Amino acid sequence: MTDYAEEQRNELEAIESIYPDSFTVLSDEPTGFTITVASDAAEDGENVEATLKFTYVEKYPDEPPLWEIYAQENLEDGDVSEVLTLLQQQAEENLGMVMIFTLVTAVQEKLNEIVDLKKNRQEEEKRQKELEAEEAEKVLFQGTVVTIENFLAWKAVFELDMMELRRKRQKEEEQAGKPKLTGKQLFETDHNLDTSDIQFLEDAGNNVEVDESLFQDIEDLDLDEDDPDFDPLGMDSDED
């Protein structure tokens with residue numbers, strides 16, 4: 001007859017010696033304990049970690065222990081599901097034998113695998129971004145390949161833009177390019193100007209004031225009209 005309690009005590013002693021810094025007993029009846037395992041450190045210093053909680057059942061190891069992920073760091077939901085599935089598979093394969101060390105070792109290998117997958121995924125994303133940047137640079141220098149379809153589409157847009165530009169330019173020329181009319185042309189085009197002065201006098205009641213001080217008495221002027229050398233335009237220069 002199997003002494004389950006004895007096998008469990010012996011395994012606990014062995015586990016404590018193997019994981020002295022990460023093994024913690026939580027309860028005695030039933031026996032429950034935790035073991036913290038971590039992946040090897042990644043190049044960027046980031047690793048993943050899981051604290052596994054195990055609880056012995058009465059007939060362990062002929063029956064699998066209970067387990068759960070007690071705590072974790074940097075594990076995604078999908079990673080947690082994979083770890084739990086792995087524990088189930090390993091427990092079924094090792095029924096009848098003490099298995100805690102086997103289960104913990106399998107989880108640690110899984111954590112290393114998760115770190116490697118993350119690293120590969122990050123490197124792939126980096127390469128993909130570099131390729132996209134290279135392709136964008138090629139397009140920048142090479143331009144777009146011309147096809148019949150994109151040429152016709154460009155041509156239609158271009159013609160519409162040119163029509164609009166010509167329409168705006170014609171409108172601006174019509175507004176800003178009107179010739180300035182001469183006085184004669186103004187009189188010819190606007191007949192109201194013919195009588196504007198007369199109308200002004202009528203509106204003023206013929207009361208147009210003249211400043212007589214601006215004029216000299218013509219009788220006071222000594223004009224020698226009979227002098228052949230007389231130059232009325234040169235009078236001002238003589239006075240100076």
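Which residues does T36 touch, not counting residues up to four places away in sequence? The contacts of T36 are S22, E49, A50 and T51, where contact means heavy atoms within 4.5 Å. The structure is a predicted model, in which local features need pLDDT of at least 70 and side-chain atom pairs count only at pLDDT 80 or more, while totals for chains, interfaces and linings use all residues. Residues are numbered from 1 along each chain as its sequence is written, and side-chain values use heavy atoms, with hydrogens and water left out.

The protein has seven helices and four strands. Helices (H or I, at least four residues) and strands (E, at least two) are DSSP runs, numbered from the N terminus. From that end, the order of the elements is α-β-β-β-β-α-α-α-α-α-α. The chain holds 240 residues, and 19% of them count as buried. Buried means under 20% relative accessible area, exposed means over 50%, and partly exposed lies in between (1.4 Å probe, protein chains only). Among contacts with a separation of 6 or more, 51% come from residues 24 or more positions apart.

The strands pair with one another. Two strands pair if DSSP finds at least two bridges between them. β1 and β2 are antiparallel and share four bridges. They form a hairpin, with four residues between them. In this pairing, T24 stands opposite T34 in β2. Strand β2 (residues 32-38) also pairs with β3, again in the antiparallel sense, over seven bridges. Here T36 has T51 in β3 as its bridge partner. On β4 (residues 66-73), β3 has an antiparallel neighbour joined to it by seven bridges. F54 faces W67 of β4. Strand β3 (residues 49-55) is largely enclosed by the rest of the structure, because five of its seven residues are buried.

T34 lies in strand β2. Its relative accessibility is 6%, so T34 counts as buried. Leaving out residues up to four places away in sequence, T34 touches S22, F23, T24, L26, T51, L52, K53 and Y70. T36 is also found in β2. At 27% relative accessibility, T36 counts as partly exposed.

S22 is a contact of T34 and of T36. S22 sits in the loop between α1 (4-18) and β1 (23-27). With 18% relative accessibility, S22 counts as buried. Beyond four places in sequence, S22 touches T34, I35 and T36.

Aromatic rings were examined next. A pair of aromatic rings is described by the distance of the centres and the angle of the planes. Rings of Phe, Tyr and Trp (its six-membered ring) pair if their centres lie within 6.5 Å; planes under 30 degrees apart count as stacked, over 60 as edge-to-face and the rest as tilted. The whole structure contains seven aromatic pairs. In one of them, the ring centres of Y19 and F101 are 6.5 Å apart and the planes meet at 35°, so the pair is tilted. This pair links distant parts of the chain: Y19 is in the loop between α1 and β1, F101 is in helix α3 (residues 100-142), and 82 residues separate them. Y19 counts as buried at 12% relative accessibility, whereas F101 counts as partly exposed at 43%. The rings of W154 and F158 have centres 5.1 Å apart and planes at 15°, so this pair is stacked. Both residues lie in helix α4 (residues 148-176), four residues apart, about one turn of the helix. F158 counts as partly exposed, at 37% relative accessibility. Ring pairs also link F23, F33, F54, Y56 and Y60 into a cluster.

Open space was searched last. A pocket is an open set of points on a 1 Å grid over the protein atoms alone, where a 1.4 Å probe fits, with protein on both sides within 12 Å along at least five of seven lines; lining residues have an atom within 4 Å of a point. The second largest pocket has a volume of about 150 Å³, the space filled by probe spheres set on the points. Its lining consists of Y4, A5, Q8, D28, E29, P30, T31, Y56, V57 and E58. Five of these lining residues are nonpolar, two polar and three charged. Ala, Val, Leu, Ile, Met, Phe, Trp, Tyr, Cys and Pro count as nonpolar, Asp, Glu, Lys and Arg as charged, and the others, Gly among them, as polar.
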